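Have the sequence and the model open side by side as you read.

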Amino acid sequence: MELSPEEVEGFARQTLKSEERVKEMEAELLKLQSLCSDSALREISEDMVTGEISEELVTGELATLRAENAKLRYRCNILSRAVEAEERKANTMKKAHMLDIIGSLTDLFTEAIKSAFPELGGKTPQAVMSVATNPKFGDYQCNSAMGLVQAFKGAGVKANPREIASKIVEALPPNDTIAKTEIAGPGFINIFLSKDFVASQLQTMLVEGVRAPYLGERKRVIVDFSSPNIAKEMHVGHLRSTIIGDSISNLCEFLGHDVVRVNHVGDWGTQFGMLIAHLQDKFPNYVKESPPIADLQAFYKESKKRFDAEKEFKARAYQAVVKLQSHDQEHLAAWNLICDVSRKEFQKIYDRLQIRIEEKGESFYQDRMSTVVEELEKGGYLTKEEGRTLMFIPGASIPMTLVKSDGGYTYDTSDMAAIKYRLFEENADWILYVVDAGQGTHLENVYAAARHVGWYKATEKRVEHIGFGVVLGEDKKKFKTRSGDTVRLVDLLEEGCRRSGEKLKEKGRDKELTTEEVVAARNAVAYGCVKYADLSHNRTNDYVFSFDKMLDDKGNTAAYLLYTYTRIRSIARLANVSAEALEEAARTTLPSIEHPAEWKLAKFILRFPQVIAQVTAEMCLHFLCEYLYDLSRAYTEFYDNCYCVEKDRVTGEIIKVNTGRLLLCEGTANVMAKSFSILGLQPVSKM
């Protein structure tokens, strides 16, 4: 059962409130328990023996204390029951999310360390957990013992790591997660998961759907990505920001956050003066008749050529900028016309890649810039120097220029206006700027300036630059056409579709599928491969763009993953098992996990929440891509060793359907589908 965003938000809010209330109650309970102790009574008795207080005074004092004690004990009992109720409530809320096994084990072992070594007090470190690399050493490992040896050594206490590991194991709270533990080597704790626990977790996932792990309360998240310039075509340089930003937005939505996808387009500035002046010359009747500007890129180049060569045109272009900025209606109409032509072209790209995004460009912040400058000036943050208005930021090597010597504003000004708007008017908790690594210094200055003036604290808001490297050609140089021009994004996608279609024909798929199915498969592979090739690399690195590699159906490519997914989905269909029958089976039958290949696949499926937590922490999608590829390989190993459907070798008739194994197939496909939706890949039923 999939939960609606509203239900997820409600669960998250209730969970957070419950956890906070539990902490408050536990603190109050400890305080009351200390008050309920008999130490006060003992103190009075001692004073009576020494004669410091009289018996008459004690009798009255004792009666008062006993009455107070009774009241306090009564309150303690009520609070104890309330704490237990709130803990049950918090646990219920967390059940709305998928369990992160390594996170759960971390909590268990951290609790064991606290219990085994109370002398550490508030300095108890969090347990260090990892996935076991060899099944002989279990499923997970706790590697805390060696670190604790160092902690004790620092306090002047000698300790043996194996003895520490043994004490940790002995102090483990009762749980249904762990079947057994073993201490290996110098103090590694090998953890073997309970098969009943794994089967139960798989069944829950099959019945209730692939859900996000619980990673905290719902946030208001702004993702700033894509951001092409008006009057210029989208090119390969916009590819990474668009793809990475869309996937991060998908991820945040999956986590239950309120996500705003912002397209901070370049729709303001001096370049519009020359465009408007050229429009007025070439299409003087543009106000009444929409001019046929099909190729805005060519139109831009024409106006730029005139701007550089004709003094009179250049002067008129500057006048046009002034009129535009003073909101002259005729010039605003020309500006809107140019913007609309660009928007239509951008939308064609977004539709092909299935990108959802809302435009809020530089022009939106024009009226807010003067307000920001005025506010900073009043606060004493600005300095005048050679006619410019500068802002010096502690720790920054260069100041920000908020007002140029000619009175104009800069990117610094618009970005300061934008971050203030997002913090105070959009009420953002997270602001993620998906912008190339080259803008890193500029953005860090903007963030530092916003913190410096008190707009936000880094401990309360997540404002982050999601930087990325450049796209390279196969010659390892910046990706360009043979003539040296920047590669247009529309041409790149067309070439992907052409090559994908040829691959399908080579395999004879055009003879097996309908025309609509061929087109769907072609587009899914073409666009999916372009996206996946980007996302499967660490975003901070440059990567080489190669259609040959990304369209290969072997290795870590979208083509391989999409094919694997389609094959998994076809198994139940070819066995004549309906989706409804599988849903019913999931409620009554546990997945099969006895064979080593089944067990390995089951654990891989349940690792999904751990990967989502890692991706969210670092905002690096390649972790999810690596997981998908490893999951697909684990599935292939399972498929090669474990028959899901047995057929008569002569007649081809189905002899036996192994429902427990079909459920493992279903679990794998469901996790892959959810991962595809985060990455922006579109799977197809036939391929």
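Which residue in S10 is the bridge partner of Leu-390? In S10, Leu-390 has Thr-401 as its bridge partner.

## Ground rules

This is a predicted model, in which local features need pLDDT of at least 70 and side-chain atom pairs count only at pLDDT 80 or more, while totals for chains, interfaces and linings use all residues. Residues are numbered from 1 along each chain as its sequence is written, and side-chain values use heavy atoms, with hydrogens and water left out.

## The whole protein

The protein has 25 helices and 16 strands. Here helices (H or I, at least four residues) and strands (E, at least two) are DSSP runs, numbered from the N terminus. Of its 687 residues, 48% are buried; buried means under 20% relative accessible area, exposed over 50%, and partly exposed in between (1.4 Å probe, protein chains only).

Contact means heavy atoms within 4.5 Å. Among the contacts with a separation of 6 or more, 74% are between residues 24 or more positions apart.

## The S8, S9 and S10 strands

Back to the strands we started with. S9 is joined to S10 by three bridges, and the two run antiparallel; strands count as paired if DSSP finds at least two bridges between them. On strand S8 (residues 382–385), four bridges make an antiparallel pairing with S9, and Thr-383 stands opposite Leu-390 there. The hairpin of S8 and S9 has two residues between the strands, and Glu-386 takes a positive phi near 55 degrees.

Pro-399 sits in the loop between strand S9 (388–391) and strand S10 (400–403). Is Pro-399 buried or partly exposed? Its relative accessible area is 28%, so Pro-399 is partly exposed. Leaving aside residues up to four places away in sequence, Pro-399 touches Leu-390, Met-391 and Phe-392. The C-alpha atoms of Pro-399 and Thr-383 are 9.8 Å apart, with 16 residues separating the two along the chain.

Strand S3 (residues 178–184) and strand S4 (residues 188–193) run antiparallel and are joined by six bridges. In this pair, Glu-182 stands opposite Asn-190 in S4. S3 and S4 form a hairpin with three residues between them, and Gly-185 in the turn has a positive phi of about 55 degrees.

Strand S11 (residues 430–433) and strand S12 (residues 462–465) run parallel, with four bridges joining them. Ile-431 has Val-463 as its bridge partner in S12. Together with helix H15 (residues 440–452), S11 and S12 make a right-handed β-α-β unit: with the strands pointing away from the viewer, the path from the first strand over the helix to the second runs clockwise.

## Nonpolar cores

A nonpolar core is a set of buried Ala, Val, Leu, Ile, Met, Phe, Trp, Tyr and Cys residues joined through side-chain atoms within 4.5 Å. The largest has 166 residues, of which Phe-109, Ile-248, Phe-545 and Phe-608 touch the most other members. Helix H12 (residues 329–353) gives this core its largest share, eleven residues. Apart from it lies another core, of 33 residues, including Val-373 and Leu-443.

Ile-248 touches Val-223, Leu-432, Val-434, Ile-466, Met-619 and Leu-621, not counting residues up to four places away in sequence.

Helix H4 (residues 101–116) has 16 residues and spans 22 Å from first C-alpha to last, close to the 22 Å expected, the expected span being 1.5 Å times one less than the number of residues. The buried residues of H4 include Ile-102, Leu-105 and Phe-109. At the start of H4, a side-chain oxygen of Asp-100 comes to within 3.4 Å of the backbone nitrogen of Ile-102.

In helix H8 (residues 239–254) we find Thr-242, which is buried because its relative accessible area is 1%. A polar atom of the Thr-242 side chain lies 2.7 Å from the backbone oxygen of His-238.

Helix H24 (residues 622–641) has 20 residues and reaches 29 Å from its first C-alpha to its last, close to the 28 Å expected. Its buried residues, among them Phe-623, Leu-628 and Tyr-635, pack against helices H18 (515–535), H20 (558–574), H22 (596–605), H23 (608–618) and H25 (659–679).

Definitions and conventions:
A polar contact is a pair of N or O atoms within 3.5 Å; within protein, one must be able to donate a hydrogen and the other to accept it, and residues adjacent in sequence count only if both atoms are side-chain atoms.
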